[in-house]
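Trainee: Could you walk me through this model before I start on it myself?

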Amino acid sequence: MKISLKIIASLLLATSIVSCNNSEQKKEGNRGALASNAAEKVYVAPGEHDEFYAFISGGYSGNITVYGLPSGRMFKEIPVFSQFPTNGYGYSEETKPMLNTSHGFIPWDDAHHPDISQTSGKLDGRWVFINGNNTPRIAKIDLKTFETTEIIEVPNSAGNHSSSFVTENTEYVVAGTRFSVPVPQQDIPINEYKGKFKGALSFISVDPEDGRMSIKFQLMMPGFDYDLSHPGRGKSHGWFFFTTYNTEEANTLLEVNASQNDKDFIAAVNWKKIEEYVNNGGGKKMPANYAHNVYSDESHSATSTMIKEVLVVDPLEVPGAVFLLPTPKSPHGCDVDPSGEYIIGNGKLSADLTVHSFTKMINAIENKKFDGDAYGIPILKFEDVLAGTVKQAGLGPLHTEFDGKGNGYTTFFISSELVKWNLETREVIDRQPNYYSVGHVMIPGGNSAHPFGKYAVSMNKITKDRYLPTGPELEHSAQLFDISGEKMELLLDFPTHGEPHYAAGIPAEIIKDRSQKIYKLAENKHEYATLANGDARVERKGNEVHVYMTMIRSHFTPDNIEGIKVGDKVYFHITNHEQDFDVPHGFAMIGANNAELLIMPGQTKTLVWKPKQVGVWPFYCTDFCSALHQEMQGYVRVSPKASNIKLSWSLGED
Ligand code: CUA
């Protein structure tokens, strides 16, 4: 035991020495003329705009961060699955329903794979989707407002990892379970895993007009782990591909027991065929309980609806819809090239990359060249579907993206490098070290038929010495490469927030002109909006008090309120009357057990405050909105529970 540990330790040490050497060489190589050239390539002059947006997953922050490329500047953090005190998302009464689930209010998740909506295989810039991994959910962010506007929970799933990738017309956003579970959930011994646990692959339809999501069907697959997925496109449009591991169906000591088979599978799913089956009445409705949360820009409010059934499809009911492609060795990333011909399995315990051919797969299916089955699902022969392998490309391949010029770019976690290779010849063209231990790589449009092959961003798991130290906890590190030439050129390092798993990039011109600047006050349909200053008021209903408040530079109406009592529940419904771009106001109340609110022009938000102590308590605006920002304040007088001070309020100068 001691010896083998020593060997492993020395191997690890060797790797780190190699990467240190690389790093030294690279630093030397990048000095001088080359470095100044790189600086010019990422320099976005003051007042100028970046060429691309990058939506980077925040991992355990639960959110998405928005960056500009090539500058690496962060523009915004968009709250998705986590409460966000910066603007009150998940704290305001309007947004709390967004975080409702069948497990109750869940204020956090692990956000993984953003993907931008597409039309005809091209990024259309309408929405970005992202999956919540821990409590399975798919969220949709509207790229007009850069706000989360819809979250749907995914039942019968756990560790929602092979998600949230879209088909080429955004017909579906797809979610696959990483952990198989009993379906329906039940109290059974864990060692009865094999055969009893199921892996649900969920196809969530997206309304082409308003983007509304709905689970069309769940395909109930064998109890493997479904790791990642990508859609077919072009010739393979209508198919979806999922990597699997633990095809051993082990339920303990997975790091050993799930690495026994030389090959696991890529599951190829003909969703068009299943859609047709379902449209003709196929599938079974099973009881379920999952939340569907929708935010409206008109009412500035979210609603949460619990849905009580889901349509499930047994793959054996739809012959010819599901096949298994043997793929070495516990494949992680499952990536489809822009033409739709090549399906790349990134076998994370392998040194070679497996490239499957869609054409060969279809031929093998038509000629019924099967090599047994798994729970009745036909297994194709490895040799019959293999286009070829990229030999000895690196160690620990994870993910591949494409430049649209015939090349793949694969990340290698163990050898810590980005490798460029030719899709047809499968020869390695270039390799660049990454600092350090790269996970995902992103090329804008890299998961579409039309990538923009100018930049690649690698998202690294380890930061170590790249920036000034910040104690034991470091933000992860991203690196920007220029991939426009034959060889890749490292341009920039920049820190990211949370743990990025994947990102989605898009040319800024596709979305920037549609970006909304304000909410029109005249269109505000919030139940508690105060559209005219004269309507500002305070109403008591038992121990509930509703404050109808307005805000405009630099005043709250009302600003002083008396007649509130200990034990009341005070709702501040505040409407921002500004109609200028970039003039939010904030609202903070002493002792409130939530967050401040940041309220955009024309928007209404609600904060609940339960006064616990007698006294006169101030509130104020948290956003420096004008020269008189410090004057934007007011008081609430709180009297004893039994007092009979009359409710009154001051309308100030209005
Ligand atoms: Cu309004 Cu500061």
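Mentor: We can begin with the overall picture and then turn to particular residues.

Mentor: This is a predicted model, where local features need pLDDT of at least 70, side-chain atom pairs count only at pLDDT 80 or more, and totals for chains, interfaces and linings use all residues. Residues are numbered from 1 along each chain as its sequence is written, and side-chain values use heavy atoms, with hydrogens and water left out.

Trainee: How many helices and strands does the protein have?

Mentor: There are eight helices and 46 strands, taken as DSSP runs numbered from the N terminus (helices are H or I, at least four residues; strands are E, at least two). The radius of gyration is 27 Å, close to the 26 Å that the globule rule gives for 654 residues, so the protein is as compact as a globular protein of that length; the radius is taken over C-alpha atoms, and the rule is 2.2 Å times the number of residues to the power 0.38.

Trainee: And what share of the residues counts as buried?

Mentor: Of the 654 residues, 58% are buried, where buried means under 20% relative accessible area, exposed over 50%, and partly exposed in between (1.4 Å probe, protein chains only).

Trainee: Changing topic, how many salt bridges are there?

Mentor: The count comes to 23, a salt bridge being a side-chain nitrogen of Lys or Arg within 4 Å of a carboxyl oxygen of Asp or Glu. One of them joins Glu-341 to Lys-235, with the closest N and O atoms 3.1 Å apart.

Trainee: Where do those two lie?

Mentor: Glu-341 is in the loop between strands S21 (331-336) and S22 (342-347), and Lys-235 is in the loop between strands S15 (225-231) and S16 (239-245), so the pair ties together parts that are 106 residues apart in sequence. Glu-341 is buried, with a relative accessible area of 11%, whereas Lys-235 is partly exposed at 48%.

Trainee: What about Lys-194, is it buried or exposed?

Mentor: Lys-194, which lies in helix H3 (residues 193-196), is exposed, with a relative accessible area of 56%. Not counting residues up to four places away in sequence, Lys-194 touches Glu-248, Glu-249 and Tyr-375, a contact being heavy atoms within 4.5 Å.

Trainee: How far apart are Lys-194 and Glu-248?

Mentor: They are 54 residues apart in sequence and 8.6 Å apart in space, C-alpha to C-alpha, while the backbone oxygen of Glu-248 lies 3.4 Å from a polar atom of the Lys-194 side chain.

Conventions
Polar contact = N/O pair within 3.5 Å; in protein donor to acceptor, adjacent residues only side chain to side chain.
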